[in-house]
4 protein chains.
Amino acid sequence: MTNSKIKTAVIGANGYAGMEIVRLISSHPHARLIAVTSRANEGKRVCDVFHGTPCELTFTHPHDPAIKGCDVVFVALPQTAGASIVGELIDSGVRAIDISADYRFDDLTLYEKVYGAKHPRPDLNDISVYGLCEHNRDEIKHAKLVANPGCYVTSALLPLLPLCKHGLATDIIIDAKSGTSGAGRKSDEAYSFCAIDENFKAYGVFTHRHAPEISEKLGTEVLFTPHLLPIKRGILSTIYFKTKDEGAAVEMLKNAYKDCPFVQYSDTLPEISAVAHTNRCMFSARFDKGRCIIVSVIDNLLKGAAGQAVQNMNIMFGFDETAGLPLYAPI
Amino acid sequence: MTNSKIKTAVIGANGYAGMEIVRLISSHPHARLIAVTSRANEGKRVCDVFHGTPCELTFTHPHDPAIKGCDVVFVALPQTAGASIVGELIDSGVRAIDISADYRFDDLTLYEKVYGAKHPRPDLNDISVYGLCEHNRDEIKHAKLVANPGCYVTSALLPLLPLCKHGLATDIIIDAKSGTSGAGRKSDEAYSFCAIDENFKAYGVFTHRHAPEISEKLGTEVLFTPHLLPIKRGILSTIYFKTKDEGAAVEMLKNAYKDCPFVQYSDTLPEISAVAHTNRCMFSARFDKGRCIIVSVIDNLLKGAAGQAVQNMNIMFGFDETAGLPLYAPI
Amino acid sequence: MTNSKIKTAVIGANGYAGMEIVRLISSHPHARLIAVTSRANEGKRVCDVFHGTPCELTFTHPHDPAIKGCDVVFVALPQTAGASIVGELIDSGVRAIDISADYRFDDLTLYEKVYGAKHPRPDLNDISVYGLCEHNRDEIKHAKLVANPGCYVTSALLPLLPLCKHGLATDIIIDAKSGTSGAGRKSDEAYSFCAIDENFKAYGVFTHRHAPEISEKLGTEVLFTPHLLPIKRGILSTIYFKTKDEGAAVEMLKNAYKDCPFVQYSDTLPEISAVAHTNRCMFSARFDKGRCIIVSVIDNLLKGAAGQAVQNMNIMFGFDETAGLPLYAPI
Amino acid sequence: MTNSKIKTAVIGANGYAGMEIVRLISSHPHARLIAVTSRANEGKRVCDVFHGTPCELTFTHPHDPAIKGCDVVFVALPQTAGASIVGELIDSGVRAIDISADYRFDDLTLYEKVYGAKHPRPDLNDISVYGLCEHNRDEIKHAKLVANPGCYVTSALLPLLPLCKHGLATDIIIDAKSGTSGAGRKSDEAYSFCAIDENFKAYGVFTHRHAPEISEKLGTEVLFTPHLLPIKRGILSTIYFKTKDEGAAVEMLKNAYKDCPFVQYSDTLPEISAVAHTNRCMFSARFDKGRCIIVSVIDNLLKGAAGQAVQNMNIMFGFDETAGLPLYAPI
């Protein structure tokens, strides 16, 4: 049975998103891992680094030759660090799903301004597909390179994209709150337990890199303020906008994802706990005199990163879109 | 030394705000408690109910005759429940500081609509003083009845009032996040540890009672969305508005509270941990193309309730405004 | 494919353990739910009560006739409340897995003393099998009625049973710490977020009901002290004992569960995060001059309740023991 | 009024204990700070480093000449790092309170074995006084050098010392649990929010440095196991022992601290929340057939470090022992 599974690898499996992909693939019915890489942990067994993990593999380096034999590779390296590695994979004929922002932007000039780096492979940027599954299924199916969307971005785009495509939302403000895993695995006093617990803060006001990603995909400027929650995982975005047609907007929100197993309109306001540890996005809307407030929730490590990456793999290989992905939040 | 202290009492000392007043007065240099009341705990010693509390008093009922001998009484009863009791105190010549919303509104019709109850003492509403200390010091000094502001309200009014008085803020949106103690002491599964921990949610969208209180005091409509943080204490309000004059707005924010020991403009964005367990409010502002974002933080139980109540008492009796109030946040 | 799955139901699906069974069965490859009951929620859809849950069922009452058509039923009712219902199931020829303590004790007199109630079905107590999977696989396979072990009990018995069977542990003290979900879904101020967060306490010193369950199964008296952790899920038991043969004890601990997918000896001391959200138990031991300290961790809702219940079902029906059960802890 | 206050300084004010001393002295009625040092922050204002802190001072280096003018200096440097600096203070005639373990041990050989370093000032070790306030008041009063006890140690010694002095406790096991601030301010992924939150672990089994400190002071070997709680502050120690005389032991525990404002026997089991943010220690005991379990709680940063240091200062200068120290736990 294992033999019929597709072969995958995770490059950069030391970070939270990478480790979550490892976890999801470990129980996936149609895929298996043949390599996981981490420069920091090269030569160590995965089970020793993440103690207790029932994974048989040993960390290798990003150029482990086994990787070239994969059907698809997940690249979970920091921004700009992995762009060339992704390029080598594609050049070798290996499909790739990139968790970083390197191949997400249509406008390379914008990318280079936002990330302060020259893009090493503009040629691939042209063929990369933006992996917001529910909106780009057909392109993802045949993509060589999928750029997995940002976590905050996913929470905002899923409710807003249908509205913006029909001119039903203007003056958009996104007040977003993320769990601390969104900052990545860090040895940094600012992310220590004593600094985060019983605390809450805004950061990146007017400057966060997810703002231009949201704006590019929506085709309109947005005001975006991220905040740091004292929880491990989950994003809640409170979205304010004006609409010229409340009725059309609410119908749009209720119907846009009718056939999507992971995206759901809710009559009650969704909480993070309803989607934590799942690959789902839930949102609800309230209207008053032309003003609208949407509350949208996802798990930042799943629908906002590793889960959407696996969902993209499922689409790329024609598997059931929900294969290996949790739908049901634990207590 | 004790004899020279003024005599106070707390009516409704079973709730979080009431208990925090008890704690503050217990180490206040110029005030002492002669009675604490709680129908639920009548006859029990405070130290037995709040185990370990080094308080010598026994809970009595709200009509404990000792209360009439007080110089000032804190009433920490739920909305509408305490309005008549406050009235009796004032009728007896005892000054009162009411933690509830009963005497906060200028417009009684608005109060009655928001709280769904007929006000029992419109006569007293006319003489009550709104206890936002930094704005009403002179009136508070001579007030018989002080209406302590709401917690969310305080976090929003302190930065916004100076701006609105000068027409420097329009299109105001307040996205506020509060610690769970803001909901009060509750036996309710929705506030159980397992429901709140690792969770975050919006509530009261378009309907929260603090919205009309903010709007009345600012003299302009605002959009207000409260959220529930998995922390015990603290409020952070992210405030969005448009301004016609960025320079004037920032100068106003930096100077409005120059002589106020508890209110401080910060160049860096303040976090809840900077003010938790203190009576301070900190805020900072960021501007971009006529759009402004203010981040304002307080401790909801201190500057948002018990601390501001004691600050009001300090003003009423001519004590140093900071007497008995913490300025310095613990780790 | 659905048709080939066995039919199950959960009686008492309003509690945490019941809901976790619903969640596990929802993605189980060989079982499906045909009924979930909850008196409190009768007539409501599961997805409305646990908002966002992608479950199609509607809560019924415990005597829902559909239940009699099940292959096996999970009963997750409070102690003594479900003993008769379990009896009716068995009388009807339906196999049952009881999450409560009702059928766990060999000694009914002890049960009646500990739980302060007359046992309604002593006849069934005689045929019930204690569902500590790794120790009773053969009996569980053919059992009509499986009594699922207590959560604290599981964390202690897995390391201690092999030792006690060989006389390798005496003077046993179990200092156990549990996440708050162990107390169940509660509307009780003592379990409110503000009472639990940033707090920690011991309870039930010398009196907790899991002490006699542990003692009966080990065949020796133990000192057991439970504590309440400010986390949602997980138990860590620190176990102190004396041994006459350190070498034999450590060999026993390392080898007793060699072929058990869910139980693992670890060289490093295991943390709760290594097993949270999994059905695994990990433990490690340290020895010094005849004194031994074992640290044992489980997820109280999975290996300590719902997970072990499903593992019991897997054994009863000849499924792969790990089917539908998570092995890999998330971040 | 300021002029009549004694002059103090904190050397090593970048750590949690140092900052808590700064906070306590800032509102102390009889002491004021004239210098705070931190190599890492030299030249920066305290209010900029700990944003929001209403402290007027600027960090200097540990040899700031102002320090020599102090009446007493708090040294909050890591073990061994501060021993020479303490020595220079004493040589200059400045009294010192050392938060580290450097001067705590009677037996220097034991100290050097436990801390793996040669002691630079054995001469001063001979004159240092162990600052467990309730037990050494008379010596502390006249001490030039006070060695502030360890946090875990304080939680254990306060209930155990009276018993051990009278031979009322044997076979002592201390299962201790500490909040994360006990590990100090750290840039270390192992203390990151995501590693600590929803987690719990034992560490230092058979090897923690507080075990020999406890054993030396009690005059008997103990088994000591520390654990790391996902809370910011507080220690709860669960202490197991055998006693030959339950009646005498309980009387001893109830009476030993009758006149001590900070130490209290409680009939109910004390929780960490009863003492967090205070300088108090509470404990309670349960007995059964010659076995005893004591639960003892303190705030690790106050009674376990900064608070006890200030209490020592109060004793050294003849101030009211409770001056400037919180007795009343917040919500």
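Predicted model: local features only at pLDDT ≥ 70, side-chain atom pairs only at ≥ 80, totals over all residues.
Me: How many residues does chain B give to the contact with chain A?
Reply: Happy to start there. Together, chain B and chain A bury about 3200 Å², and 65% of that lies on carbon and sulfur atoms. Chain A puts in 35 residues, and the number from chain B is 35 residues.

Me: Which three residues supply more than any other three of the area that chain B buries against chain A?
Reply: Good thing to look for in the viewer. These residues account for 20% of the area that chain B buries against chain A. They are B:E198, B:F200 and B:F206.

Me: Which element of chain B gives the most to the side that touches chain A?
Reply: Several strands give two or more residues to that side, including β9 (223-228), β10 (235-242) and β12 (281-288) of chain B. By class, the side has 18 nonpolar, five polar and 12 charged residues. The element that gives the most, with five residues, is β7(B).

Me: What is the N to O distance in the salt bridge of B:D175 and A:K177?
Reply: Chain B and chain A have four salt bridges between them, and there are also 20 residue pairs in polar contact. In the salt bridge where the side chains of B:D175 and A:K177 meet, the N to O distance is 3.0 Å.

Me: What kind of axis relates chain A and chain D?
Reply: Chain A superposes on chain D by a rotation of 180 degrees, with 0.0 Å of shift along the axis and an RMSD of 0.0 Å. The two copies are therefore related as by a two-fold rotation axis.

Terms used
Residues numbered from 1 in each chain as written. Chains lettered and ligands numbered in written order. Heavy atoms only, no water. Least-squares fit on C-alpha atoms with pLDDT ≥ 70 in both. Contact = heavy atoms within 4.5 Å. Buried area = accessible area lost by both parts, 1.4 Å probe. Polar contact = N/O pair within 3.5 Å; in protein donor to acceptor, adjacent residues only side chain to side chain. Helix = DSSP H or I, 4+ residues; strand = E, 2+ residues; numbered from the N terminus. Nonpolar A, V, L, I, M, F, W, Y, C, P; charged D, E, K, R; others polar.
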